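Hi everyone, thanks for coming along. Let me put the structure up, and then I'll walk you through a few of its features.

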Amino acid sequence: PLIDVDDLEEFAIRPAPQGVTVKCRITRDKKGMDRGMYPTYYLHLEREHGKKVFLLAGRKRKKSKTSNYLISIDPTDLSRGGESFIGKLRSNLMGTKFTVYDNGVNPMKTTSSLEASTLRQELAAICYETNVLGFKGPRKMSVIIPGMNMDHERVSIRPRNEHETLLARWQNKNTESVIELHNKTPVWNDDTQSYVLNFHGRVTQASVKNFQIIHDNDPDYIVMQFGRVAEDVFTMDYNYPMCALQAFAIALSSFDSKLACE
């Protein structure tokens, strides 16, 4: 089935069709004055015969106390005020927890009379934990995304305060209407002396940043996978109920995470 990306904004937040793996590629551009520090990341959909379709671009904002990435549907306009701004990824001070927002309004910056529908949605939260092996072994990730309703539509989570956020719900074990995912634990391989996951040919280079995201109930269903294929090229595949914006932001968090000590 051909994946329709005519309306990029709509496509980016639409969950993957059930039964279809959306295969994408992320390229990291470090060229230019400050790109070494603030690379731009481009997400493309992979079509058959090697064709690629641009989906999203992301870049870390400068002068932000915490890691803060803007995500845009225009590869050339990565500004907060631009028409193409579609979402953002923001970390806590430690750089271990991240939240993904759409382009709605921050509740802290609004007056109470504002329509609830313009408040920003939280699309995902990502938590990184150091593991018992320190920085040498695979990282532990928990990913919390809004649940789906009976019509397979995403539940809208628009927190008005700190207690309603995805992270708060997860920490308080209030997981009604949210889905908790984890990275699949890699298996130690004696032959290669490394931790390995089966990416079915989609990943060709070892990296601590390679990961697969699953639900504990069904470890064989890969909700998302991400891995390196070249120095600045990565594959990113996702399945229902994830959308492109969620998956891309999760990948961006893995580039950023302080626990990604290579």
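**A buried helix and a salt-bridge network**

Let's start with helix H3: 13 of its 13 residues are buried, so the rest of the structure largely encloses it. Buried here means under 20% relative accessible area, exposed means over 50%, and partly exposed lies in between (1.4 Å probe, protein chains only). Helices (H or I, at least four residues) and strands (E, at least two) are DSSP runs, numbered from the N terminus.

A word on the source: this is a predicted model, where local features need pLDDT of at least 70, side-chain atom pairs count only at pLDDT 80 or more, and totals for chains, interfaces and linings use all residues. Residues are numbered from 1 along each chain as its sequence is written, and side-chain values use heavy atoms, with hydrogens and water left out.

Now, how many salt bridges does a search of the whole structure find? Six, counting a side-chain nitrogen of Lys or Arg within 4 Å of a carboxyl oxygen of Asp or Glu.

Take Glu46, which meets Arg25 in a salt bridge at 2.7 Å, N to O. That pair links distant parts of the chain, with Glu46 in strand E2 (residues 40–46) and Arg25 in strand E1 (residues 22–29), 21 residues apart. Arg202 also forms a salt bridge with Glu46, with the closest N and O atoms 3.0 Å apart. Here the partners are 156 residues apart, Arg202 being in the loop between strands E11 and E12. Asp237 then bridges to Arg202 at 2.7 Å between the closest N and O atoms. Shared partners join Arg25, Glu46, Arg202 and Asp237 into one network.
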